[in-house]
Amino acid sequence: MTTWNEAFIQTLVTDKNSLSDGEKLARSNKWNIIENDQRSTWAEAQGSGKKPYLVCIDLQDGATKCSCPSRKFPCKHAIGLMLLFVRGKAQAGTPPEWVTTWLDGRDRKREATVSKPTKAPDPAAQAKREAARITKVTAGIDELRLFLEDFVRQGGSDPRAQSYEFWDRISARMVDAQMQPIGARLSELGGLAYQKKTDWMSQLWDEIARLYTLTEAYQRIDSLPEPLAHDIRGAIGFTLKQEDILANGESVTDRWQILGVYNDAQNALKERRTWLYGENSQRYALIQDFAHNTRPFDAYYPYGQAFTGEIVYYPSAYPQRALVKQINGSYNPIPPDSLKFEQSVEAILENYANALAINPFVRFIPAGLTQTWTMRGKIIDIGGAQLPLKKSAQTQWFNAVAGGNWIPTFGEWDGLEFQLTTLIADEGWLEMGEV
Amino acid sequence: MAQAMLGTQSTDQGTFAEQATLKQLAMASAARRAGFIAQKSTPPTADPAPKETLKTCSLTEMQWLHKLEHSYFGKELVRNWCIEMINRKKRVPHTALPRILALINNNKDWAAYLLPLIGERGCWLIERSDTYEKFRQTPLWTGEDAPELTPAEKPNEQVSKLLAEMMEGIAHE
């Protein structure tokens with residue numbers, strides 16, 4: 001059974017305002033029925049209207065349902081109910097029909113995702129769409145190459161290189177060409193000069209060179225091994241259908257530790273990267289979720305917890321990205337002695353070099369260190385080897401929670417900078433920057 | 001990279017020079033990333049902060065601080081919040097320390113009110129971080145100056161109402 005406690009709730013709830021509202025509600029007298037069984041807990045919460053809101057939680061994975069009009073997931077009623085449940089305020093009971101209907105629907109959806117019969121595609125229409133997409137992308141690639149070559153002709157000391165508008169314009173062209181990931185990478189270049197990093201110019205050229213290599217690779221994609229071709233297509237912006245991945249991808253069943261979560265946002269799109277580690281397979285998996293700024297992500301995986309389940313990898317020369325196909329049972333805390341983090345920075349660097357040799361387009365790898373310190377914008381291992389932090393301000397937060405102790409941390413290494421995601425301090429697992 | 005900085009400045013429409021430069025940059029990029037050499041120094045010795053003696057402010061209490069800080073007309077009620085937390089013998093969570101220490105460092109009016117709430121860890125951080133070097137020299141830190149802490153005045157109904165809401169909000173924490 002999942003270990004439900006207030007710390008676990010804080011990993012499920014990403015909006016601190018909602019957590020506070022849920023706490024306030026939990027202490028109020030607006031609850032009519034609060035009950036639970038092995039699988040779920042449910043309650044009626046009185047709102048401003050006549051009818052109470054019906055709230056329930058699937059205790060297996062923390063999914064919630066509430067009849068209130070809030071667009072937040074979980075809403076304050078669900079959070080209030082979670083808190084009441086962990087505080088022992090729920091009485092044993094038999095779930096009413098509205099709870100069982102919801103849970104049955106979730107179970108059916110889960111089974112249907114696994115064995116969904118795919119609608120037979122119209123081959124002609126599909127081929128036409130594919131051809132049109134390829135034409136757009138080919139034109140986009142040509143345009144990008146001309147842009148980058150022109151930039152080299154003018155020289156990097158061109159002041160336009162420091163202008164957001166300069167990069168946003170070409171970024172928009174790439175998005176028009178259905179190359180959204182390329183557009184996102186170009187858009188980030190506009191901000192490099194303002195990040196107060198002394199080597200920003202070299203990072204700019206580094207990224208430009210990598211993008212140019214990507215265009216070269218795309219133009220020769222037919223001559224490349226298929227797994228690498230998948231990586232290139234993915235980096236350009238071609239997507240694969242989740243149902244195809246789930247049906248045909250490499251499947252691994254294991255006990256998966258949820259080690260790190262990193263949230264990013266660009267314009268109207270937010271991204272969430274969740275890193276898993278298989279205890280038996282000793283493999284990492286990256287669950288990459290995207291959502292519009294106003295929408296919640298489809299699922300949350302609480303860091304510091306582990307689950308037994310099946311993962312399916314996207315095809316790749318260096319498989320990282322994956323989908324969660326099945327979760328069997330519930331989440332449980334990761335026992336500290338089961339963590340398989342590296343002892344040294346050297347090991348992380350070697351892992352990255354090996355990854356790059358297999359897939360030259362790999363952007364970052366997961367990296368855990370058993371004992372870490374930070375100082376002046378660097379992360380340091382027990383031997384004194386240092387890696388630059390992506391955000392030097394992370395040093396202050398790290399020192400505040402580590403309190404002068406060497407502590408385990410987890411993050412991403414991209415060959416130049418380390419992005420801290422989670423660490424284990426006195427308070428337990430913490431997400432970087434959490435307040 | 002020097003070539004890239006200056007630009008090829010080629011005037012013909014052919015892109016051979018540019019392509020060659022970009023390919024060289026790509027190779028340099030791959031070599032740089034794959035062959036990254038970590039700098040080394042003597043690793044720091046563990047220097048654990050003293051154990052805390054105060055209880056931690058709850059999430060609701062911290063949420064109220066955030067609300068007051070960003071309130072247009074209720075900013076000065078931060079003083080009232082601080083006095084209430086001092087009376088409750090509480091401290092801010094470790095995760096909030098960077099933010100609170102930045103407030104102390106940059107805001108003289110609130111420094112005296114927030115300082116009692118940073119706990120052993122906050123004092124430990126101030127002692128060790130270069131960021132607070134100037135603060136360590138102030139009378140407030142050296143203990144020569146211990147101003148009397150007074151709650152904010154309530155100039156109007158809005159502020160009174162906000163204060164009442166805050167007190168009700170944290171009543172059960």
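**Ground rules**

I number residues from 1 along each chain as its sequence is written, and I letter chains from A and number ligands from 1 in the order in which they are written. As this is a predicted model, local features need pLDDT of at least 70, side-chain atom pairs count only at pLDDT 80 or more, and totals for chains, interfaces and linings use all residues, while side-chain values use heavy atoms, with hydrogens and water left out.

**Entry 1: α5(A) against α8(A)**

I looked up how helix α5 (residues 123-154) of chain A meets helix α8 (residues 200-219) of chain A, and found an angle of about 140° with the axes 10 Å apart. Helices here are DSSP runs of H or I with at least four residues, strands are runs of E with at least two, and both are numbered from the N terminus. Axes are lines fitted to C-alpha atoms, for helices over the stretch in contact, and angles run from 0 to 180 degrees between N-to-C directions. The pair α5(A) and α8(A) is therefore oblique. For that word I used these limits: under 35 degrees is roughly parallel, over 145 roughly antiparallel, 65 to 115 roughly perpendicular, and the rest oblique.

The crossing of α5(A) and α8(A) is left-handed, meaning that the near helix is turned anticlockwise from the far one by less than a right angle (clockwise would be right-handed). I then listed who makes the contact (heavy atoms within 4.5 Å). From α5(A) the residues include A:I134, A:I141, A:L148 and A:F151, and from α8(A) they include A:L204, A:W205, A:I208 and A:Y212. The residues of this contact divide into 13 nonpolar, 3 polar and 4 charged. In this count Ala, Val, Leu, Ile, Met, Phe, Trp, Tyr, Cys and Pro are nonpolar, Asp, Glu, Lys and Arg are charged, and the others, Gly among them, are polar.

**Entry 2: α8(A) against chain B**

I followed α8(A) to helix α2 (residues 16-34) of chain B, where the axes come within 8 Å and cross at roughly 110°. That makes α8(A) roughly perpendicular to α2(B). This crossing is left-handed. Among the residues that meet are A:W205, A:I208, A:Y212 and A:E216 of α8(A), with B:L22, B:L25, B:A26 and B:R33 among those of α2(B). By class I noted 7 nonpolar, 4 polar and 6 charged residues.

I traced an open sheet of 7 strands in the order β16(A)-β15(A)-β14(A)-β11(A)-β12(A)-β13(A)-β1(B), with antiparallel pairing. Strands pair if DSSP finds at least two bridges between them. β16 (428-431) of chain A and β1 (39-40) of chain B stand at the edges with a single partner strand each, so one side of each has no neighbour in the sheet.

Strand β14 (residues 407-413) of chain A pairs with strand β15 (residues 418-425) of chain A over 5 bridges, and A:G411 has A:L420 in β15(A) as its bridge partner. Helix α11 (residues 345-358) of chain A packs on the sheet, and its direction makes about 155° with that of β11(A). Helix α12 (residues 394-402) of chain A also packs on the sheet, at about 10° to the direction of β15(A).

Towards the other chain, β12(A) and β13(A) are joined by 3 bridges. Their hairpin has 3 residues between the strands, and A:G384 takes a positive phi near 95° there. β13(A) is joined to β1(B) by 2 bridges, with A:A385 opposite B:K40.

**Entry 3: β9(A)**

I checked the cover of strand β9 (residues 305-313) of chain A and found 8 of its 9 residues buried. Buried means under 20% relative accessible area, exposed over 50%, and partly exposed in between (1.4 Å probe, protein chains only). β9(A) pairs antiparallel with strand β6 (residues 250-266) of chain A over 8 bridges, and with strand β10 (residues 321-333) of chain A over 8 bridges.

**Entry 4: two residues**

I found A:N17 in helix α2 (residues 16-26) of chain A, partly exposed at a relative accessible area of 39%. Beyond its neighbours within four places in sequence, A:N17 is in contact with A:K72 and B:Q63.

A:R185 lies in helix α7 (residues 180-189) of chain A and counts as buried at 8% relative accessibility. Not counting residues up to four places away in sequence, A:R185 touches A:E207, A:R210, A:L211, A:L214 and A:R363.
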